[in-house]
Amino acid sequence: MAQVSLEGIRKVYPNGFRAVQTTSFTIQDGEFVVLVGPSGCGKSTLLRMIAGLEEITEGVLKIGDRVVNDVDPADRDIAMVFQNYALYPHMTVRKNIGYGLKNRGTPAAAIDAKVQDAARMLNLTEYLDRKPAQLSGGQRQRVAMGRAVVRDPALFLFDEPLSNLDAKLRNQMRIEIKALQRRLGTTAVYVTHDQVEAMTMADRIIVLNEGRIEQIGTPSEIYHNPASTFVASFMGAPPMNLIKAELDQQSVRINGCRDLIHAPQSFDGPVTLGIRPEDVEVDEQGLVSFHVDILEELGAHRLLHGRIANQPFSVMLGKDDAAQVGETKINLKPEALRLFDRETGLRL
Amino acid sequence: MKRAGFDTIWLPMALLIPQLMIIAIFFYWPAGWALQSSFFLQDPFGFGSTFVGAENYTSLLGNDQYKRVAGFTILYSVLVTFFSLAIALLLAVKADKVIKGAKTYRTLLMWVYAIAPPVAGFLGILFFDQSTGPLTKFFQMFGWDFKLGVDYNATATAMVIVAVWKQIPVNFIFFLSGLQSIPRSVREAAMIDNRSATGRFWQVTFPLLAPTAFFLLIINITYALFDTFGIIDALMKGEPGNNPMTLVYKVYLDGFRGNDLGGSSAQSVVLMALVLLLTVFQFRLVERRIHYT
Ligand SMILES: Nc1ncnc2c1ncn2[C@@H]1O[C@H](COP(=O)(O)OP(=O)(O)O)[C@@H](O)[C@H]1O
Ligand SMILES: [Mg+2]
């Protein structure tokens, strides 16, 4: 178990591409941190630098108290689970799981016991003598997990380990991985492009965009207090509504509309107004007119998709709330309003 | 499922005929003819032949020169196969690490592949030329008076070197594409599991190359046994005398120089049996395993 710290880490690929801008953060001992962001934003690059599979262009990387910039991947006391599992095709499940231990000089009897333990924990006992080609996707995923846990490393690294599984298995493994990490208490860095995985698994989320950190925070902080319009629109499904508005002291005027709302903070000028779809009420006496184009029935709740002052807007209602397509009035909960700089997209 | 097919049997038959004719004329007919003539003793001046039963075969067994040539052929095949595989693998592993310029490497090596065996043999002669050959000079530095075509060991060495040189490109291309088809993440997982690069090579990379290596092994044995004819012919400069030769060369020598068609046919029947054996061996093993996905 260990704390991981990145101090001014930067990555420029040999072709000159700047995949990760100067980045600093610290992961606490035993913490489960999720790196999330759209495809190509540099998540894997960052993870692979921590693993030692990619050279660090600049900056200092510490695992525990040790600077590991120049330490071999095998000596960093890490274990990694790859998106395509990266199992050794010619080895049995038993050998796959035990390979890392064998190369670290663990006695055969101890390897055997540890492999058995890991296999039991992951329901793989009856598959120990099979080759990876004879396993299903979910089982291969478990073998990859087994290979990681059996070594009892200081740090787990996961690179989109669930994205090759079907939705049902993904939900199940999500819970299992999280539970396993809790039980073992091992520090973990988990990369995903799926915001649901990020929200459900993380102790802390790091949102990346174009090689930069947009925000670091707990799932609840990220969800309720996004630091930028990028985070607001990336996290949450459906995403936070973002509409253009003018602010005059504490009065919000939505573009071209006369509706005035009381803002939680004071500012003068153009802003982007953010509000989560569930923080909106339909109300006959409401201040804002909302035109509903589509009604989406989701069982537990309903989504209304439409427009406010010709800007796209969504509202989430409980399953018992009445709703219909057409013109209606809504109220925005004042305490749920988030204001962003129109130019920079940053939170005001 | 819809299957494409022909309405009559005649069209597919007609389409197959050219291929079947080629096989029949250039393989089955001469093979059958060789089998038949291996039981006869031909008159050296072409006046008929006498049936002698298995005598051509039994006399091979008692023939010391045949045994010597067979011995050399085995040694030659082992050396050529081993060195052309080993050197090609080494080059492929090195080239695989180079990302820039990999194409140039491949193209340069492929050129050698395009050289016909007799031409390779003549290039060999230049290299081993008595007075100007760089390799002759190289061996002379070690005190070996290298005489191509005169000294048995010198000729044998030259034959091995030229044959290996000629075969490396094919092996290299196969090994390189084999290496590049190993998923990057599998190698990376191994880097985390095993500190030693040598260990990773023998425990992860090489086993994953095994299908390629096995395929090449058969190809190379066949090459050393049969396709080196042109090289051998060129290097001994048409003077068999005291020079080493392989079994295939001896078939040619006895049949066309020595006019012993019966004995030569018997030898070629033995070689055909060997090819058959190799092929069966290859199919059996390929069927059995060494496929992972
Ligand atoms: N070896 C490389 N050389 C140059 N550019 C690369 C290399 N690997 C990745 N990139 C680029 O770096 C960016 C980030 O890649 P990556 O970290 O894999 O993204 P993510 O995992 O977030 O999808 C991408 O734009 C990708 O094209
Ligand atoms: Mg990635």
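Predicted model: local features only at pLDDT ≥ 70, side-chain atom pairs only at ≥ 80, totals over all residues.
Local features need pLDDT of at least 70 and side-chain atom pairs count only at pLDDT 80 or more, while totals for chains, interfaces and linings use all residues; side-chain values use heavy atoms, with hydrogens and water left out. Residues are numbered from 1 along each chain as its sequence is written, and chains are lettered from A in the order in which they are written.

**Chain A**

Chain A has 348 residues, of which 51% are buried (under 20% relative accessible area, with a 1.4 Å probe and protein chains only). Eight helices and 18 strands are found in chain A; these are DSSP runs numbered from the N terminus, with helices (H or I) of at least four residues and strands (E) of at least two. The C-alpha trace of the chain spans about 75 × 45 × 35 Å along its principal axes. Of the contacts (heavy atoms within 4.5 Å) in chain A with a separation of 6 or more, 64% join residues 24 or more positions apart. The accessible surface of chain A, by the Shrake-Rupley method with a 1.4 Å probe, is about 15,400 Å², and carbon and sulfur atoms hold 48% of that surface.

**Cavities**

Rolling a probe the size of a water molecule over the atoms shows where empty space is left. Here a cavity is a set of points, on a 1 Å grid over the protein atoms alone, where a 1.4 Å probe fits but cannot get out; lining residues have an atom within 4 Å of a point. Grid points are joined across faces, edges and corners, and a volume is the space filled by probe spheres set on the points. Over the whole structure, the search gives two cavities of 30 Å³ or more.

The lining of the largest cavity includes Ala79(A), Met80(A), Arg147(A) and Ala148(A), along with Ala189(B), Ile192(B) and Asp193(B). Strand E6 (78-81) and helix H4 (137-149) of chain A, and helix H8 (184-193) of chain B, each give two or more residues to this lining. H8(B) has the largest share, three residues. By class, the lining of the largest cavity holds six nonpolar residues (Ala, Val, Leu, Ile, Met, Phe, Trp, Tyr, Cys and Pro), three charged (Asp, Glu, Lys and Arg) and no polar ones (the others, Gly among them).

Phe25(A), Thr26(A), Ile27(A), Val33(A), Arg204(A), Ile206(A) and Ile216(A) line the second largest cavity. At least two of the lining residues come from each of strand E2 (18-27) and strand E9 (204-209) of chain A, and E2(A) gives the most, three residues. This lining has five nonpolar residues, one polar and one charged.

Terms used. 1 Å grid on protein atoms, 1.4 Å probe; cavity = no way out; pocket = protein on both sides within 12 Å on 5 of 7 lines; lining within 4 Å. Buried < 20%, exposed > 50% of the residue type's maximum accessible area, 1.4 Å probe, protein only.
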